[in-house]
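Please keep the sequence and the structure at hand while reading.

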Amino acid sequence: MPFHRIQRKVLITAVASAAVLAASAHSLTAAPQSSVAASQYQTAIPQMLNASTQVLAAPLPPACSEALFKTKEKFPTTRYSVPDEPWNALLSEVVNLSETEQAEFTESACAAWNSWATANGSVVAQDLDTRWQNAAAPACNKFVVATMGSVKKYAPNIPAEARKLEALAKKIWQGAMTKLATEAPDAVCRTAYNKVMVGW
C-alpha cells in the first residue's frame, strides 16, 4: 500500500485543505518561529515527500504531485504553522485512509484544487497569518483558531471537482481533533482541540 506517499500527499492536501482550503499544511509540519528554523522547515516538506515517493507502487497523477510539492508556494504563509502535536495526529489519521479513500486523489480533483489554490492562495495565506497572530497562545490554540477561521471562510468557494478531497480533509481533521481533545497532555490544548472537533 502506498501509505507513505498517501501520508504526505493527503496531508498536504489535508492541512492545506484543512488550512484552507483545503488542510497543512500545508501545508505542513511544525513550523518553527526563528528565521533559521523557518528556513529548515520550508525545505523539510519537499525532502520528506521525495523520500516517501520512492516507496510508492504507482506514481501520483501530475496534478496531485503539484498539489503536494507546491503547496507552500501556493499558500505563502509567514506566521501560520502546524505544531508537532496536531501534525502527528493528522498523519496518524492519514495512514488509516482506506484504499477507496486514497483513490479520490485523481488528476481532475487535484487540478481543480491547484487552480483554486493558485488563484486564492495569497489571500488565504494572509488570512491565516493574521488569524494566527491575533489568536491567543499557546501555539495549539493559534493553530486551531487560525485554521478553522480560514477554512470556514474559504471552504464554500472551492470548486465542486475538489469536494471529495475536502471530504477526506474533514475526516482526517475530525479524527485527529477528536483524539487530541482527550489525549493531548496540555489541558489548554485539549480544550482548544475540543472546540474544533466537528470541523467546518
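Is the crossing of α9 and α10 left-handed or right-handed? The crossing of α9 and α10 is left-handed, where left-handed stands for a near helix turned anticlockwise from the far one by less than a right angle, and right-handed for clockwise. The model is predicted, with local features needing pLDDT of at least 70 and side-chain atom pairs counting only at pLDDT 80 or more, while totals for chains, interfaces and linings use all residues. Residues are numbered from 1 along each chain as its sequence is written, and side-chain values use heavy atoms, with hydrogens and water left out.

**Helices α9 and α10**
- Helix α9 (residues 163-183) packs with helix α10 (residues 187-195) at an angle of about 150 degrees, their axes being 7 Å apart (axes are lines fitted to C-alpha atoms over the stretch in contact, and angles run from 0 to 180 degrees between N-to-C directions).
- The pair is therefore roughly antiparallel, a term for angles over 145 degrees.
- M177, L180, A181 and T182 of α9 make the contact with R190, Y193 and N194 of α10, contact meaning heavy atoms within 4.5 Å.
- Four of these residues are nonpolar, two polar and one charged (nonpolar covers Ala, Val, Leu, Ile, Met, Phe, Trp, Tyr, Cys and Pro, charged covers Asp, Glu, Lys and Arg, and polar the others, Gly among them).

**Helices α7 and α8**
- Helix α7 (residues 107-134) and helix α8 (residues 139-154) cross at roughly 140 degrees, and their axes come within 9 Å.
- α7 and α8 are therefore oblique to each other, and α7 passes α8 in a right-handed crossing.

Note on methods
Helices (H or I, at least four residues) and strands (E, at least two) are DSSP runs, numbered from the N terminus. Angles under 35 degrees count as roughly parallel, over 145 as roughly antiparallel, 65 to 115 as roughly perpendicular and the rest as oblique.
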